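Take a look at the model first.

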Amino acid sequence: MADRKCCGVSAVKLTLSILLFLVTAACVALIVVLVTRKTDTGEPPHYILTHKTYLIGVGRADCTGSAAEIPMMGYANSQQKAAGIHTRLFSRAFIVDDGNQRVLFVTADIGMISQRLRLEVLKALQEKYGDLYRQENVVMSGTHTHCGPGGYFQYTLFMITGNGYVKESTEPLVNGIVKSIDIAHRNMRPGRIYVNKGELVDSSLNRSPHSYMNNPEDERKRYEKNTDKQVVVLKFTDLDGDGIGMISWFAVHAVSMNFTNRMVSSDNMGYASYLLEQDKNFGELPGQGSFVAGFSSSNLGDVSPNTRGPHCMNTGLLCDYLNSSCPVGGTKMCKAFGPGEDMFESTRIIGHNIFMKAKELYANAVHEVTGSVQFAHQWVNMTDVTVQLNDTHTGRTCKPALGHSFAAGTTDGGGDLNFTQGAVEGDPFWDGIRDALLGPPSNQTKDCHHPKPILFSTGEMNWPLPWHPSVVDVQIITIGSVAILAIPGEMTTMAGRRLRAAVKKELEAAEKFKNAEVVIAGLSNVYTHYITTFEEYQIQRYEGASTIFGPHTFAAYLQKFTNLARAIAQDKVSELPVGPEPPFFTNLFNLMAAATYDAKPENTSFGDVLDQVNSIYRQGDVVSVTFVAGNPRHSGDIRDKTFVTVEMYDNLTDSWEVVHNDASWETRFHWLKGSNRRSNATVEWHIPSSAPSGLYRIRHFGHYKQLQGLQTIITPYEGSSDIFRVVSSFYHQ
């Protein structure tokens, strides 16, 4: 019996031990699965987050579209078609997750986010990630460069200036943005967020001061300047404190590169990103390295980087203050310049200023962002919003329309015809032409938009497709006490100030948003031109004439955004109506002709050098070489590729090392379309003072299209300059 009892106890102990082992093993396995498993959406590892940490992902991807023949989006100048690359365009994505909810912010080096682009990106995200990234928690913003390809819109007005809906423009944007999000998604890890802000002076100028001065005097007295000088920075680090990324907001137009430029360029905001990423990803080529620096647009509607102000090009005198025109030449002669001697130097100065301020704020950011992640989104029919103006009066928004001063352009890029800013009466000549071709605006629309004299009643023009959007996104995302307002257009300085203050007041009614920091992300989600205050609208300069939903446009946005903020503060987002879904048109037109076959001079090959380099240069010189080239459109999807490399010979490895490509600030790739289907490519290398002495060469890559029999053949080619030497001085002691 004793032995049996002993054995029985041993058996029980053994059984319990085995069970304990199995339970322990199962628990360990479960923990491993929970920590390391990935969903079919490629979800990163799951982490346990504290109240001060977030899951953070950052990503960057090339979204450069065709570098030839595509109309550029921004100046609406029919002569400004792409013909080379100054700098490449990138999409930068930032994901923040508090363990319960997630938001995604994208800033892309393009003119603006169009409704069509947003819908196509959201569709691609839904196919990859299900409902993880959707219209409610995804904000997409454009930096507002005016030197990126157009052709990614679905409304007639924008399609006319962009040669229709152009797939070779749209697909690189969609794929590049989605790729940046994929990278951010894969790289998510625990981290911390800090916020800092400061002021940047001497980098912006109000281009419509007459309109600004029409705002109430007591309101204007609350501010020292007539543009926002505020720079806000969000700093992202891992748990060790190592920086992984940054977003900066500053209100200035990306129009340092003017309408005479034909090269794809990310302009001043893109150059600021370039500088900070080169600083943090030392030794890497542009677009490479883990640190991602996004510089986002803000309430830039009336803000120019051309700090010398507008002058008459034919006399050098100041333009007329009220209508920005010149006695001889009108608005076409009135142009704003500076601070540099040419557009490249101006881009460099403004971009460097923005970079330096952001770098300083990033380095000194110590105020940690804590709290939950939230978001609120609605679709709004902006043609039919009732606005409560005061206790007894209401107003309404209007069907879209553009005023006469829209055709005058701005001091950053004036129109070609005899329109002037500040027009509050129509012109019988132009109105007659409009009525004959497009039909007159209705009396209801004219009354609604008063005092705007309507040039194009776009809300009443629907052939072949609606000329302007009616359904618009309004959206707020919050990370702790930081609120990002996704503005579907270009909001002026005072409009932005009013909106920030109103949203801040609504949020701070809740304890969790004490000391809220509210930022405006301009040109987000859908483009609806400008948003001025009611008072600015009365002056009818370009910005007021381009406020398409009428004088109460800003009041409608103020009402909608404060409603979103109130819903977030009171945890009532689920009670918000979704609103009418925007259309996704299928019958889009494309006016871009296919690129023609390439030809070359006799006894040459594609890639041959026509104009050779010199044998020796100094730092600060410009190297130039010209090649027999094909049309860059024949290179197809050019993302993550290059038309240009600058290479230095490495004596130790007996090999050539790429030191610059066509994304580098120091290079310029010019494509010149000649006669008889021939074209040349000229590559410039502006040798920086930091360039080491040594042997270099410049290479060019491309594709040409030819007809062989009945078959079209596209063939890659490459060419190289002679080897040349870079020295610090031609004189040796």
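**Pockets, cavities and a helix**

The lining of the largest cavity splits into four nonpolar, six polar and four charged residues; here Ala, Val, Leu, Ile, Met, Phe, Trp, Tyr, Cys and Pro count as nonpolar, Asp, Glu, Lys and Arg as charged, and the others, Gly among them, as polar. Keep in mind that this is a predicted model, where local features need pLDDT of at least 70, side-chain atom pairs count only at pLDDT 80 or more, and totals for chains, interfaces and linings use all residues. Residues are numbered from 1 along each chain as its sequence is written, and side-chain values use heavy atoms, with hydrogens and water left out.

**Cavities**

- On a 1 Å grid over the protein atoms alone, a cavity is a set of points where a 1.4 Å probe fits but cannot get out, and lining residues have an atom within 4 Å of a point.
- Searching the whole structure turns up seven cavities of 30 Å³ or more.
- The largest cavity holds about 110 Å³, a volume being the space filled by probe spheres set on grid points joined across faces, edges and corners.
- Of its 14 lining residues, Phe 90, Arg 92, Tyr 274, Glu 277 and Pro 286 lie nearest the centre.
- Helix 7 provides the largest share of that lining, four residues; helices (H or I, at least four residues) and strands (E, at least two) are DSSP runs, numbered from the N terminus.
- The second largest cavity has about 70 Å³ of space, and its lining includes Trp 249, Phe 250 and Arg 500.
- Strand 27 gives the most to the lining of the second largest cavity, three residues.

**Pockets**

- A pocket is an open set of grid points with protein on both sides within 12 Å along at least five of seven lines.
- The largest pocket comes to about 1300 Å³.
- Its lining has 47 residues, with Tyr 75, Ala 76, Thr 161, Phe 406 and Ala 407 nearest the centre.
- By class, the lining of the largest pocket has 25 nonpolar, 14 polar and eight charged residues.
- The second largest pocket holds about 860 Å³, and Tyr 274 and His 660 are among the residues closest to its centre.

**Helix 12**

- Helix 12 (residues 493-507) has 15 residues and spans 21 Å from first C-alpha to last, close to the 21 Å expected at 1.5 Å times one less than its number of residues.
- Arg 500 of helix 12 is buried, meaning under 20% relative accessible area (1.4 Å probe, protein chains only), and also lines the second largest cavity.

Technical notes:
Buried < 20%, exposed > 50% of the residue type's maximum accessible area, 1.4 Å probe, protein only.
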